[in-house]
Amino acid sequence: MALEIDDVGVVAGGRAILAKVSARIEPGAMVAVIGPNGAGKSTLVKAISGERRPAFGRVRLHGHDVSALAPADLAMQRAVLPQATTIAFPFTVFEIVGLGLRQRAGMDAAARRQEVQRALGAVDLEGFGERLYQRLSGGEQQRVQLARVLCQIGEPVKDGRAKLLILDEPTSSLDVRHQIAVLSIARRFADDGGIVVAVLHDLNLAMSFADRLMVLEGGRLVADQEPEELLEGGLLAETFGTRMVILRPPGWARPAVLPDFPRLHHGRSGEAADISQ
Ligand SMILES: Nc1ncnc2c1ncn2[C@@H]1O[C@H](COP(=O)(O)OP(=O)(O)O)[C@@H](O)[C@H]1O
Ligand SMILES: [Mg+2]
């Protein structure tokens with residue numbers, strides 16, 4: 001029982017935008033997908049979610065090919081927070097979050113209401129139910145979408161099977177407190193037995209919350225490692241084309257990185273200070 005990504009390739013516009021990606025993610029694990037813009041991160045999560053059928057290879061969740069599952073089955077086993085969501089109609093927050101419950105049978109109106117309120121509470125948006133989605137800030141909208149996704153996925157494990165939570169840049173519009181809050185929700189989902197795949201740009205959030213980091217570059221998986229191992233290899237600087245200072249704050253369980261901004265903070269000479277990479 002696991003999420004198995006087996007030699008997956010995706011072709012678009014006549015070129016391979018993802019090639020030969022393989023990984024296995026066990027229940028209880030949270031994996032961060034990182035990489036430069038255009039590396040293929042969203043393409044990979046679309047292949048994992050079943051939204052995009054790969055040209056090569058297969059993605060299986062607990063042995064079932066995700067692109068062969070019926071939409072209703074898929075909706076009960078995995079939920080996806082897409083990178084961008086445009087809503088063209090004047091829906092309220094309550095209506096948007098309630099969309100997450102469409103596939104859940106046997107819930108009366110009161111139970112649905114309660115579930116939506118609970119999800120709004122989880123993303124720190126109590127009392128936002130009647131507000132119009134379009135009038136919220138970008139970060140508030142992002143948290144509404146997460147609440148919708150949480151409503152859809154429900155418990156991390158059902159009938160002994162881990163569910164899959166897929167988040168594509170879930171923290172891109174959030175202030176730092178809400179970034180931590182949202183990733184804590186994802187972490188708890190994994191700790192309670194679910195599987196989480198999250199595309200993240202903030203390397204420190206990725207290293208702090210995820211068990212492993214999958215690094216994509218030019219459609220290829222160039223690393224799939226634990227944070228410490230990844231930093232030791234020195235690959236990040238190369239992948240992102242910027243030097244990184246590795247920090248090990250006392251008492252921190254995980255290392256952190258600081259991109260090197262030579263012209264800004266190395267004084268008048270522009271000489272690099274003592275950095276490890
Ligand atoms: N449907 C498509 N047709 C053509 N090119 C695409 C399509 N979807 C994505 N791409 C290209 O594939 C590359 C990877 O895209 P994407 O997975 O969205 O990257 P990331 O999420 O890592 O920024 C980009 O260069 C993008 O322009
Ligand atoms: Mg993307």
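# Ligand sites and local geometry

Gln141 is buried, with a relative accessibility of 19%. Buried means under 20% relative accessible area, exposed means over 50%, and partly exposed lies in between (1.4 Å probe, protein chains only). Gln141 sits in helix H5, residues 138-153. Helices (H or I, at least four residues) and strands (E, at least two) are DSSP runs, numbered from the N terminus. Ten residues separate Gln141 and Arg131 along the chain, and their C-alpha atoms are 11 Å apart.

This is a predicted model, in which local features need pLDDT of at least 70 and side-chain atom pairs need pLDDT 80 or more, while totals for chains, interfaces and linings use all residues. Residues are numbered from 1 along each chain as its sequence is written, chains are lettered from A and ligands numbered from 1 in the order written, and side-chain values use heavy atoms, without hydrogens or water.

## Ligand 1

Which residues surround ligand 1? The shell consists of Ala12, Arg15, Ile17, Pro36, Asn37, Gly38, Ala39, Gly40, Lys41, Ser42, Thr43 and Arg52. Each has a heavy atom within 4 Å of the ligand. By class, four of these residues are nonpolar, five polar and three charged. Here Ala, Val, Leu, Ile, Met, Phe, Trp, Tyr, Cys and Pro are nonpolar, Asp, Glu, Lys and Arg are charged, and the others, Gly among them, are polar.

Two elements each give at least two residues to the shell: strand S2 (15-25) and helix H1 (41-49). H1 supplies the largest share, three residues.

| Protein atom | Distance to an oxygen atom of ligand 1 |
|---|---|
| Lys41, side-chain N or O atom | Ligand 1 oxygen, 2.8 Å |
| Ser42, polar backbone atom | Ligand 1 oxygen, 2.9 Å |
| Thr43, polar side-chain atom | Ligand 1 oxygen, 2.5 Å |

On its own, ligand 1 has 570 Å² of accessible area, and the protein covers 61% of that. Areas come from the Shrake-Rupley method with a 1.4 Å probe; for residues, only the protein chains shown count as cover.

## The magnesium ion

Which residues coordinate ligand 2, the magnesium ion? Ser42 does, through OG, and Gln83 does, through OE1, at 2.1 to 2.2 Å. Donors are N, O and S atoms within 2.8 Å of the metal (3.2 Å for Na, K and Ca); water is not among the atoms, so sites may look incomplete. The pair links distant parts of the chain, 41 residues apart. Ser42 is in H1, while Gln83 is in the loop between strand S6 (78-81) and helix H3 (93-99). Ser42 is buried at 18% relative accessible area. Gln83 is partly exposed at 41%.

## Helix H1

H1 is largely enclosed by the rest of the structure, because eight of its nine residues are buried. The buried residues are Lys41, Ser42, Thr43, Leu44, Val45, Ala47, Ile48 and Ser49. After H1 comes Gly50, with a positive phi near 90 degrees.

## An aromatic pair

How many aromatic pairs does a search of the whole structure find? It finds one. The ring centres of Phe89 and Phe91 are 6.3 Å apart and the planes are at 70 degrees, so the pair is edge-to-face. Rings of Phe, Tyr and Trp (its six-membered ring) pair if their centres lie within 6.5 Å; planes under 30 degrees apart are stacked, over 60 edge-to-face, the rest tilted. Phe89 is exposed, at 56% relative accessibility. Phe91 is partly exposed, at 31%.

## Loop residues

Is His62 buried or exposed? His62 is buried, at 7% relative accessibility. Its phi is positive, near 50 degrees, although His62 is a residue other than glycine. His62 lies in the loop between strand S4 (56-61) and strand S5 (64-65).

Asp124 also has a positive phi, about 65 degrees, and is not a glycine. The loop between H4 and H5 holds Asp124. Asp124 is partly exposed at 33% relative accessibility.

Leu101 lies in the loop between H3 and helix H4 (109-122). Leu101 is buried at 1% relative accessibility. Leu101 and Cys151 are 50 residues apart along the chain, and their C-alpha atoms are separated by 5.9 Å.

Gly234 lies in the loop between helix H8 (227-233) and helix H9 (235-240). At 22% relative accessibility, Gly234 is partly exposed. Its C-alpha atom is 8.9 Å from that of Met244, ten residues away along the chain.

Technical notes: A polar contact is a pair of N or O atoms within 3.5 Å; within protein, one must be able to donate a hydrogen and the other to accept it, and residues adjacent in sequence count only if both atoms are side-chain atoms.
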